[in-house]
Amino acid sequence: MVTRWLHGDPTSDVNILFNNAYLVYITSLAAKIAEVLGHASAAATYRADAVARAAAVNDKYYQPSSGAYIDLLQTHLVMPLASGVVPHERTDAAMAHLEAAIQKSGGHLDVGLTGNYFLSKLLTEGGRNDLMWTMASQKTFPSYGYFLAQGYTSWPEKWDVEPCCADKVSKMHGCYNAVGLWFVEGLAGISVDFSRAEYPIGVRAGVDTGNLTWASGTRAAPQGLVHSSWAVADVTASSRFEHNLSLPANAAARVLIPAASASDVLEGGKPLPADVSVLGAETVNKVHYVALGVAAGEHAFSSSWRLEAE
């Protein structure tokens, strides 16, 4: 569904699905905001409206025989998933359909302007760096790499641009550019979410892209700047994975280090100190991580994990 942003019939089922899924998303968000502000009654009203609208979308557009919402195109799977319309028991199946749709398109974007934001958000927050990498590394139309191949270093108004800058379109038309979110939260791996009371900052190296061997990035948190820099070292090195992390004063982070066990994780080349808590283990996108509770300061973690092992 790659089209120019001005096209589309607002009365079509395709757009009614998209718009109502978006309404579920923003109404659920309003409920969370009201709850944080202490407006319990308003939060309950917003939440009930979101639940009712999600049920109506499922009743009208979900097809049990195929698992589709209207059809199995990327956008029509992304919006129900990203907005919370898809019930929990159907989420895995819907995600499998979305992955198949991405593969069917050869890893190309097929979501349109607004859907692009929700696709990137869904896959980034869902830990699917592999799918984001597949799409971000394409060089033919329609893709980010196609812009670069046409000579653009900005974000033009439409995907099917001619070589820069013959088209009579806006050359600086960036909006909903969620691939930037992926760079910081998916690759450098820094997330900030204050619904996670004890560890509002999360850090997970994006080693699950497939063949990316390093990333470095900085993100602002209310306490200050968080910096994450990781690399998969040469296989001949004694430490095959290294992750340097800087947390500002008064910050605490839940850090995921790819490793077989906590005993395999070192800080500064030594066993983990007492002020680093081992919170358990977690598997994200087929990569096994050790979860650590980390306080403010400079940290240099390492493990014997290597890309080929996964």
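Rings, a disulfide and a pocket

Ring pairs link Y22, Y25, Y117 and F118 into a cluster. This is a predicted model, in which local features need pLDDT of at least 70 and side-chain atom pairs pLDDT 80 or more, while totals for chains, interfaces and linings use all residues. Residues are numbered from 1 along each chain as its sequence is written, and side-chain values use heavy atoms, with hydrogens and water left out.

Me: Why is the pair of Y62 and Y69 called tilted?
Reply: The ring centres of Y62 and Y69 are 5.3 Å apart and the planes meet at 50°, so the pair is tilted. Both Y62 and Y69 are buried, a word that stands for under 20% relative accessible area, with exposed over 50% and partly exposed in between (1.4 Å probe, protein chains only).

Me: And why is the pair of F147 and W155 edge-to-face?
Reply: Here the planes stand at 65°, with the centres 5.7 Å apart, so F147 and W155 count as edge-to-face. F147 and W155 are both buried.

Me: How do you know that C164 and C165 form a disulfide?
Reply: Happy to show you: the S to S distance between C164 and C165 is 1.7 Å, and a disulfide is a pair of cysteine sulfur atoms within 2.5 Å. A search of the whole structure finds one disulfide.

Me: Why are C164 and C165 called partly exposed?
Reply: C164 has 33% relative accessibility, so C164 counts as partly exposed. C165 is at 45%, and therefore is partly exposed.

Me: What makes a set of grid points a pocket?
Reply: On a 1 Å grid over the protein atoms alone, a pocket is an open set with protein on both sides within 12 Å along at least five of seven lines, whereas a cavity is a set of points where a 1.4 Å probe fits but cannot get out; lining residues have an atom within 4 Å of a point. The largest pocket holds about 1,400 Å³ of space. Of its 42 lining residues, the closest to the centre are K121, E125, E185, D193 and R196.

Technical notes. Grid points are joined across faces, edges and corners, and a volume is the space filled by probe spheres set on the points. Rings of Phe, Tyr and Trp (its six-membered ring) pair if their centres lie within 6.5 Å; planes under 30 degrees apart count as stacked, over 60 as edge-to-face and the rest as tilted.
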